[in-house]
Amino acid sequence: MNELNTMAYGLKDENVVYIDEVQRGLECEAKCISCGGALIAKKGDVKVHHFAHHNGDGESCNESVLHQLSKQIIEWECLVSTPNLEINVEGYDISDQVHKKSHIEESKVLTVESVSLELASIGFIPDVTCNALGKKLYIEIVVSNDVSEEKLEKVKLDGTPMLVIDMSDYSAMDTLDTLKQGVIYDAPRYWAYHPDHEAMKVHLENDLRFEVSILDEKIISVVSNKLGLVSKSELLKPKTNSELIVLGYNSAYGYSKKNNRDFDFSTLLVAKPIQSTGSSNYTIRSCGGYELTQIAFNEELIPELEKLRFPCLLELDVSGSFLGGRVQSMVTNFKVV
């Protein structure tokens, strides 16, 4: 039995009938819910009872019948459940630590009113248009094709919530009780669009941005105190470095799959004299020559750097800056020596 062109439901006297409710053969006097073609009721002793198209057509009517029945179940029962919902936002502080905020809604069963099937809206036709909790609601039944991007954009412009119910795991051969359970409760479902959820996401993002900004100020304060500075402005106060040999530069941006975030850096490759000062832990016996290091620079300097021939001797103007969550030196200007 090919379920693509068989089904357990038909129309008789404009009412939906189940295969067990009609007589065998053409005496069923039923027609296809989808295409309107004559049906024959096959009720033998071996195969599962089912309707088939009398003329052998109706290759894709099973999906269409399932789609139509699913819509009518909402109209008959006036009930539909919503999916569990979790909205997550995240942001990074200046120390590169991630922070998150979430909003969770549990699934609930809605009583729907004023149910209309295939009621045209502006530029599109929702499967079901109804009212729930005093607000208009669109319900879309998915059997094989998901909601198109074009339709979704029109829904967003309309500003009405749209709930999508995925009935692709069901068949027009299922019992009516099975289909009702699926449409109302069990079938996978999701919000294709909901203006309240969009507003909630913006609210979470604003709250998180404010919380992170407060945390950033605390981090700046701690760093400033540790460095013996009294304010952020002093921390970022410019200073002039000594003359340095600059070997070249590199400026790049892109996306890091490893860190799951964008990156952007501009650095000078500098040859610095090896430090001759020791510490409480060690004493320099001897040193000489140069060591290579990298110093970040403002990308606005690229046009001037492109004019240089490397290596060259430069006098660098450097200021403190927060990069990657740490206080680092950044070249803000230079002069050829």
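Is G288 buried, partly exposed or exposed? G288 is partly exposed, because its relative accessible area is 48% (buried means under 20%, exposed over 50%, and partly exposed in between, with a 1.4 Å probe and protein chains only). Keep in mind that this is a predicted model, where local features need pLDDT of at least 70, side-chain atom pairs count only at pLDDT 80 or more, and totals for chains, interfaces and linings use all residues. Residues are numbered from 1 along each chain as its sequence is written, and side-chain values use heavy atoms, leaving out hydrogens and water.

You'll find G288 in the loop between β15 (261–273) and β16 (strands are DSSP runs of E, at least two residues, and helices are runs of H or I, at least four, numbered from the N terminus). P273 is 15 residues from G288 in sequence, and their C-alphas are 7.3 Å apart in space.

Now step along to β16 (residues 290–297), which holds L292. With a relative accessible area of 58%, L292 is exposed.

Let's head inside. The largest nonpolar core has 42 residues, and F51, I139 and M167 have the most contacts inside it (such a core is a set of buried Ala, Val, Leu, Ile, Met, Phe, Trp, Tyr and Cys residues joined through side-chain atoms within 4.5 Å). Elements that each supply at least two residues of this core include β2 (9–12), α1 (61–77) and α3 (176–186). The largest share, six residues, comes from α1. Apart from this core lies another, of 15 residues, with L268, V270, I295 and V318 among them.
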